[in-house]
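Here are my notes after going through the model you sent over.

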Amino acid sequence: MGQMNAIEVKDLTKIYKLYNKQTDRLKETLSLSKKKYHKDFKALNRISFNVKTGECLGIIGKNGSGKSTLLKILTGVLTPTSGAIDVTGKISALLELGAGFNPDLTGMENIYLNGTIMGYSHSEMSEKVDGILAFADIGEFIHQPVKSYSSGMFVRLAFAVAINVEPDILIIDEALSVGDLRFQQKCYRKIDELKKTKTVLFVTHDLSVINKYCDRVLWINEGILLEDGDPKMISKKYQAFMIGADFKKINFKEQVEAAGSVVPGIEDEIDSLNDELDVMGDDKAMITGISLLDSITGEKTSVVEGNQELRLLLKIDVLQKLEDPIVGFSIKDRLGTIISQTNSYVLGSDLATLHPNKNNVFSFDFRFPNLNHGQYTISPAIASGTQEDHRQHSWVHDALVLQVLPLGYEELSGIVHLSDVIFSSLK
Ligand SMILES: Nc1ncnc2c1ncn2[C@@H]1O[C@H](COP(=O)(O)OP(=O)(O)OP(=O)(O)O)[C@@H](O)[C@H]1O
């Protein structure tokens with residue numbers, strides 16, 4: 001038997017009426033001729049998708065794309081203009097700060113108020129209060145009106161309530177980003193635990209969260225469901241879209257052969273990128289080769305150890321004159337989280353203008369971080385401008401795959417091993 005759907009959404013449309021002036025709204029209400037004083041604005045345009053029970057679904061999209069509108073409809077705060085939604089199970093939502101909280105009531109009173117909204121009796125909620133207080137950890141403030149809370153305290157209480165009312169479906173808007181880092185980590189640990197048994201919907205701009213937690217992602221753009229599928233692939237396309245670049249799959253071998261720029265030299269040592277790779281950028285430059293060498297032996301390698309001295313070589317073809325170029329690379333783990341990044345700009349290296357039809361080769365000499373064993377990737381990039389304000393010309397996702405060897409204590413968890421630890425028994 002297939003998994004049940006927790007949420008079914010069909011042809012969902014939400015139209016907001018936009019008035020130029022407040023008085024237009026009044027005029028429209030009073031108009032005998034039924035004259036329209038508003039413009040229709042489709043915040044959601046015929047969106048359809050299902051969410052399976054137990055699935056963790058991410059929702060991404062630029063500001064104003066319709067994400068909150070969708071969540072508000074799912075939680076019953078807003079009604080759709082047309083379309084159908086069917087939700088199976090109890091929803092608990094952590095929407096924008098304060099939704100569902102009465103600012104004049106104390107934290108404790110709001111806990112009971114939320115309980116009532118969720119259909120729990122006073123005594124049922126009393127059983128949950130200890131768990132809520134322990135998670136929120138806001139001390140005596142629980143007896144103060146919530147309007148006196150800092151935004152961090154607010155989100156602590158709201159999250160604690162949301163997860164303790166035993167929802168079948170947990171909806172989390174960007175709200176979590178308000179809490180301090182330690183609280184965020186605590187929430188993510190809790191979400192990780194909850195997602196084993198519950199359906200979780202996440203709206204976030206943080207793609208590493210999407211990649212880490214979500215089984216699937218929806219990308220909404222200007223009210224339209226643009227993509228629905230694999231988080232890794234969609235977040236790459238989204239990243240490219242957000243920097244105004246194209247996303248494409250490129251066969252580097254064909255590109256390099258077509259370019260035909262072969263001048264003997266160090267670039268011959270560099271391996272061409274001959275796999276189908278995901279690239280984002282505006283095509284003013286192309287990264288056509290990459291090699292990683294052991295600095296001591298000079299041999300190419302894709303198997304490395306923590307702390308190993310390495311040299312990364314990049315070959316870049318420039319198709320148009322590039323002023324203020326920046327060359328860099330990222331190391332990512334297998335979940336796509338960026339572990340480390342560097343580039344010529346932050347290293348203080350002002351590169352001269354790059355001109356077309358010239359072979360450009362760059363190198364980075366560095367000590368590989370002391371990463372736990374496993375697979376990692378290197379993604380090289382060329383941009384121009386400054387760190388703060390740059391245009392991406394080519395960013396090749398996962399151009400090199402590295403195997404990091406275990407150091408003998410691979411049972412330890414974590415991304416990075418501590419270096420030079422000295423342990424002493426002092427007493
Ligand atoms: N009550 C409203 N009346 C009119 N327009 C609205 C209303 N609420 C939202 N909108 C518009 O609908 C569009 C979608 O808004 P929504 O808040 O759903 O976007 P979002 O994707 O959640 O954005 P963000 O990432 O900024 O939170 C926006 O253009 C917004 O201006």
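1. Bookkeeping before anything else: helices (H or I, at least four residues) and strands (E, at least two) are DSSP runs, numbered from the N terminus. Residue numbers start from 1 along each chain, following the sequence as written. Keep in mind that this is a predicted model, in which local features need pLDDT of at least 70 and side-chain atom pairs count only at pLDDT 80 or more, while totals for chains, interfaces and linings use all residues.

2. The overall picture. The chain's secondary structure comes to 9 helices and 20 strands. Along the principal axes, the C-alpha atoms fill a box of roughly 80 × 80 × 50 Å. Of the 427 residues, 34% are buried; a residue is buried if 20 or more other C-beta atoms lie within 10 Å of its own, exposed if 12 or fewer, and partly exposed in between, with C-beta atoms placed from the backbone. Two residues are in contact if their C-beta atoms, placed from the backbone, lie within 7 Å. Among contacts between residues at least 6 apart in sequence, 70% join residues at least 24 apart.

3. Domains. The chain is divided into domain 1 (5-242) and domain 2 (246-404), with bounds that come from an automatic or database domain assignment. Their C-alpha centres lie 39 Å apart. Where they meet, 8 residues of domain 1 are in contact with 8 residues of domain 2. On the domain 1 side, helix H7 (207-213) and helix H8 (231-242) each supply at least two residues, and H8 gives the most, with 5. That side divides into 1 nonpolar, 3 polar and 4 charged residues. For these classes, Ala, Val, Leu, Ile, Met, Phe, Trp, Tyr, Cys and Pro count as nonpolar, Asp, Glu, Lys and Arg as charged, and the others, Gly among them, as polar.

4. The ligand site. Which residues surround the ligand? The shell consists of Tyr 16, Leu 18, Phe 41, Ala 43, Gly 61, Asn 63, Gly 64, Ser 65, Gly 66, Lys 67, Ser 68 and Thr 69; a residue is near a molecule or strand if its C-beta atom, placed from the backbone, lies within 6 Å of it. Strand S1 (5-19), strand S2 (38-52) and helix H2 (67-74) each supply at least two residues of this shell, and H2 gives the most, with 3. By class, the shell divides into 4 nonpolar, 7 polar and 1 charged.

5. Helix H5 (residues 151-164) is worth a look. Its 14 residues should span 20 Å at 1.5 Å a residue, and the end C-alpha atoms are 20 Å apart, which agrees; the expected span is 1.5 Å times one less than the number of residues. Is H5 largely enclosed or largely open? 12 of its 14 residues are buried, so H5 is largely enclosed by the rest of the structure. Among those buried are Met 153, Phe 154, Arg 156 and Asn 164. The cover over the buried residues includes strand S5 (91-94), helix H3 (107-117), helix H4 (122-136), strand S6 (169-172) and helix H6 (181-194).

6. Positive phi values. Most residues other than glycine have a negative phi, and most peptide bonds are trans. Glu 166, which follows H5, has a positive phi near 50°. Asp 137, in the loop between H4 and H5, also has a positive phi, near 50°; Asp 137 is partly exposed, with 13 other C-beta atoms within 10 Å. Asn 307 has a positive phi of about 70° and lies in the loop between strand S13 (303-304) and strand S14 (309-318). With 14 C-beta neighbours inside 10 Å, Asn 307 counts as partly exposed.

7. Strand S8 (residues 216-221) and strand S9 (residues 224-229) pair in the antiparallel sense over 5 bridges; two strands pair if DSSP finds at least two bridges between them. Leu 218 has Asp 228 in S9 as its bridge partner. The hairpin has 2 residues between the strands, and Glu 222 takes a positive phi near 45° there.

8. Lastly, Ser 340. This residue lies in strand S16 (residues 338-343) and counts as partly exposed, with 15 C-beta neighbours inside 10 Å. Leaving out residues up to four places away in sequence, Ser 340 touches Ser 330, Ile 331 and Pro 369.
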